[in-house]
Amino acid sequence: MILASQDFGSRRNNMKITAIETHVCHARMRNWIFVKVITDQPGLVGWGEATLEWHTRGVVGSIQDLSELLIGEDPTSIEHLWQMMWRQHFWHGSGVVRSTAISGIDLALWDILGKVHGVPCHRLWGGPVRDSIRMYCHLGGGNLESFYETPVDNARQFADLAQQAVADGFSAFKSMAVPPTMPVEGLKSIKAADACVAAMREAVGDDIDIMVDCHARPSPAMGMQFAKALDQYGLYFFEEPCWPESIESLAAINAAVTTPIATGERLTHLAAFRDLFAARGCEICQLDLTHCGGFTEARRIAALADAYRIALAPHNPQGPISTAASLEFGFSQPSYIICEAVHQDVPWRCDVVQESYVVDEATRTVTPGTAPGLGVTVDEDEIRKHPFQQELAQRVFYSDGAVGDW
């Protein structure tokens, strides 16, 4: 139930957090971790998301640890509470498990603040800067097997999936047309990736934007080769061509090709983005609102990106609250260019969370909702139908048996 501002506004100075809950919902590839912050004002709760595949138990435990700092505090003192979560307990919150926990709580706190004032979150940050946001899909709409397991020696299947994305209304889509490779390989993998991207471009034409995600599989040497080979196809962006720790190599690849390089989904704090931007390691920042510290830290990262004229395209393959958060963020950020979204990962996705934003399915563009906060309504009974299960294993080994990157 979404409550209007007059129900809470006059009482917010006396408001307190009474509990923080986690609600885990198994969605095959990931367990969605929904965070519920409960206040002492009847009916006033906030929802966030802290999904981190293969680390569900760790994130849930970290949220429980952090809640000890927050119970009894004013939920509208968001920056103060963020500083507590980041800086107290001695260890800073830059590790991905703790930063994800902080993110989920922070999103829920902003949801509460929007409800207190009766406005969507983007209006708390200065109001909308655009009328609509374009969404892009994964090949297969987020179906695990279609996106991650389509072999690169099947260029025809990439083309068919690309045409289906366009038929579904998307003007942009992402593919994983780069296979796992050893640190140095010959031409076979390069030519396979080239054939897949050529087939997709031929299938959809030049008016559709194609993105290729390397998933940080290649070494810097192989990432450079893939980037140069695919530069001719006018990709919208080329994602994670090597490990995010390899900042100098990202910068070298970014400088060597005309295709914009995108990265940042695995970075979890402002200082890491500072180093990436200073090296000009990317043209598109893929901060993840569920990992980088929530809205509070993301707004600092976005301001820093603006100083370098780096665009924002947040990483968002998680659950529906993450998508609502990404869109709220996008309506407030001038450098935001596109929203990642999945819609066919599980058939009951829309049963768990209902959103207030409106999707034009003919164009896959979104106009903002007017409901306060994140504008989401969560059905806890539906969540309980999909209790925690271990995620489907995704393991990669090279031909010689050595461990590769998924």
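**Close-up views of a predicted model**

View 1. C242 is buried, with a relative accessible area of 0%, in what is a predicted model rather than an experimentally determined one. The sulfur of C242 has its closest cysteine sulfur in C214, at 8.9 Å, which is too far for a bond, given that a disulfide requires a pair of cysteine sulfur atoms within 2.5 Å.

**View 2. Cysteine C292 and its surroundings.** For C292, too, the relative accessible area is 0%, and the residue is therefore classed as buried. Its closest cysteine sulfur belongs to C285 and lies 8.0 Å away, so that the two are too far apart for a bond. With the cut-off of 2.5 Å between cysteine sulfur atoms, the count of disulfides in the model comes to zero.

View 3. The largest pocket holds about 720 Å³ of space. Its lining is made up of 28 residues, of which L52, E53, E265, R266 and W406 are the closest to the pocket centre. Sorted by class, this lining comprises eleven nonpolar, seven polar and ten charged residues. Because domain 1 (17-119) and domain 2 (123-374) both give residues to the lining, the largest pocket lies between them.

**View 4. The second largest pocket.** About 420 Å³ of space lies in the second largest pocket. It is lined by 18 residues, and those closest to its centre are V342, H343, C350, Y357 and V359. Two or more lining residues come from each of helix 12 (320-330), helix 13 (349-352) and strand 12 (353-355). By class, the lining of this second largest pocket has twelve nonpolar residues, together with two polar and four charged ones.

**View 5. The loop residue M29.** M29 is found in the loop that runs between strand 1 (17-27) and strand 2 (30-39), and, with a relative accessible area of 10%, M29 is buried. Between M29 and I247 there are 218 residues of separation in sequence, while their C-alpha atoms are 29 Å apart in space.

**View 6. The annotated span of residues 155-260.** An unreviewed UniProt entry carries the annotation "domain: Mandelate racemase/muconate lactonizing enzyme C-terminal", which covers residues 155-260.

Note on methods
Residues are numbered from 1 along each chain as its sequence is written. This is a predicted model: local features need pLDDT of at least 70, side-chain atom pairs count only at pLDDT 80 or more; totals for chains, interfaces and linings use all residues. Side-chain values use heavy atoms; hydrogens and water are left out. Buried means under 20% relative accessible area, exposed over 50%, partly exposed in between (1.4 Å probe, protein chains only). UniProt positions are given in the numbering used here, feature names are shortened, and annotations may be inferred rather than shown by experiment. On a 1 Å grid over the protein atoms alone, a cavity is a set of points where a 1.4 Å probe fits but cannot get out, and a pocket is an open set with protein on both sides within 12 Å along at least five of seven lines; lining residues have an atom within 4 Å of a point. Grid points are joined across faces, edges and corners, and a volume is the space filled by probe spheres set on the points. Ala, Val, Leu, Ile, Met, Phe, Trp, Tyr, Cys and Pro count as nonpolar, Asp, Glu, Lys and Arg as charged, and the others, Gly among them, as polar. Domain bounds come from an automatic or database domain assignment. Helices (H or I, at least four residues) and strands (E, at least two) are DSSP runs, numbered from the N terminus.
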